[in-house]
Amino acid sequence: MKIAQALCAAALLCAAPFVHAQAWPAKPVTWIVPFAAGGPTDAMARDIADKVGRQIGQAIVIENAAGAGGTIGAGKAAKAAPDGYTFLVGHMGYMGAAPSLYKKLGYDPVKDFDAVFRFPDTPLVLLVPKSSPYKSADALIAAAKAAPNKINFGNAGVGSTSHLIAALFESRAGIQVTSVSYKGAAPAMNDLVGGQVDAMFDQSNTALPQVTGGRVNAIALTSLTPMSQQYPGVPALAEKTLPGFEAATWYGLYAPKGVPKDVVGKLHQAYLKALADKEWTHRMAAQGIHLLPDAQYAPESFARHTAAEVEKWRKVATDAKIQID
Ligand code: MLT
């Protein structure tokens with residue numbers, strides 16, 4: 001027997017994938033967040049990464065790779081080694097709608113990724129600056145009808161949820177607004193507070209401190225019914241203005257295709273264990289985050305959801321004439 005074979009037989013040095021999987025996680029794990037720090041995706045990712053990191057006994061490091069509505073960071077994650085140390089925090093925009101919006105995307109949300117687990121969902125809120133003359137969605141719509149393209153809507157980037165929901169709102173309300181894109185919701189929010197943009201859709205949970213802090217006004221919600229605990233007195237668009245209008249952002253964790261299955265299993269189990277902390281889930285619910293049944297967080301269910309959303313957005317983008325040049 002040659003020396004290498006002997007070592008192999010004695011110490012299983014040749015069974016690299018097995019040894020690797022057993023040892024995972026042997027070092028900190030990176031989650032790519034493709035938006036600026038301080039926005040909704042970043043905040044949700046950091047909160048969940050902290051809880052999951054404690055369960056797996058390793059730090060989860062957030063890497064912000066912002067630009068082009070999340071598609072730059074997603075493209076980077078798609079090309080990363082599927083070794084269990086690089087993941088993507090994905091959402092409805094760049095992992096659901098993007099294939100229907102971009103002519104050249106550079107990645108396929110279904111073929112280039114393995115779903116790991118889904119996060120809870122968040123509805124959005126329509127915000128205006130404190131000094132805005134628009135005290136309701138009806139007033140904003142009337143002004144936009146009177147002067148097409150005069151009202152500016154800030155968003156987190158082309159194809160971000162804030163952009164997509166504004167486009168759906170435009171289509172349903174029969175108005176045209178001017179879109180102003182940033183590298184994430186956080187810089188867009190800064191300009192909304194400063195009055196440089198006239199309106200913006202943002203995730204209801206991260207917008208809440210801006211509203212309660214008196215920096216911006218909330219004029220409508222994209223949840224089907226009002227969120228009276230978080231946004232007292234703020235109507236849902238579906239109630240009167242745009243019957244049936246409902247939108248919430250879905251998020252979740254993905255790995256580059258081919259990641260070891262047991263790594264996915266360990267992360268999913270760690271997440272479920274973290275969710276057993278009722279203090280944490282109550283805190284999320286109090287912010288207006290929609291918790292889901294456990295089965296919907298599972299990798300298989302999340303993979304099916306991703307594929308279904310890619311298909312759904314083909315029709316939505318065509319019907320609402322949402323295009324990206
Ligand atoms: C979005 O609108 O897609 C997100 O809110 C972007 C972000 O997290 O900054």
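Guide: A salt bridge is a side-chain nitrogen of Lys or Arg within 4 Å of a carboxyl oxygen of Asp or Glu. Between domain 1 and domain 2 the count of salt bridges is zero. This is a predicted model, in which local features need pLDDT of at least 70, side-chain atom pairs count only at pLDDT 80 or more, and totals for chains, interfaces and linings use all residues. Residues are numbered from 1 along each chain as its sequence is written, and side-chain values use heavy atoms, with hydrogens and water left out.

Visitor: Which residues does the domain assignment give to domain 1 and to domain 2?

Guide: Domain bounds come from an automatic or database domain assignment. Here domain 1 comprises 25-121 + 250-320, and domain 2 comprises 122-248. Their centres, taken over C-alpha atoms, are separated by 24 Å. With contact meaning heavy atoms within 4.5 Å, 31 residues from domain 1 and 27 residues from domain 2 take part.

Visitor: How is the size of an interface often given?

Guide: It is often given as the accessible area lost when the parts come together. Buried area is that loss (1.4 Å probe), summed over both parts. For domain 1 and domain 2 it is about 2000 Å², with 69% from carbon and sulfur atoms. On the side of domain 1, P40, M92 and Q287 lose the most area to domain 2, together 22% of what that side buries.

Visitor: Which helices each supply at least two residues of the side of domain 1 that touches domain 2?

Guide: Helices (H or I, at least four residues) and strands (E, at least two) are DSSP runs, numbered from the N terminus. Those helices are helix 3 (40-56), helix 5 (92-101), helix 11 (278-286) and helix 13 (299-319). Helix 5 gives the largest share, five residues.

Visitor: Is D202 buried or exposed?

Guide: Buried means under 20% relative accessible area, exposed over 50%, and partly exposed in between (1.4 Å probe, protein chains only). D202, in strand 8 (residues 199-203), is buried at 4%. Leaving aside residues up to four places away in sequence, D202 touches P40, P123, L124, V125, L127, A185, M189 and A207.

Visitor: How many of the 13 residues of helix 7 are buried?

Guide: The number is 11, so helix 7 is largely enclosed by the rest of the structure. Among the buried residues are H163, F169 and E170. After helix 7 comes G174, whose phi is positive, near 70°.

Note on methods. Buried area = accessible area lost by both parts, 1.4 Å probe.
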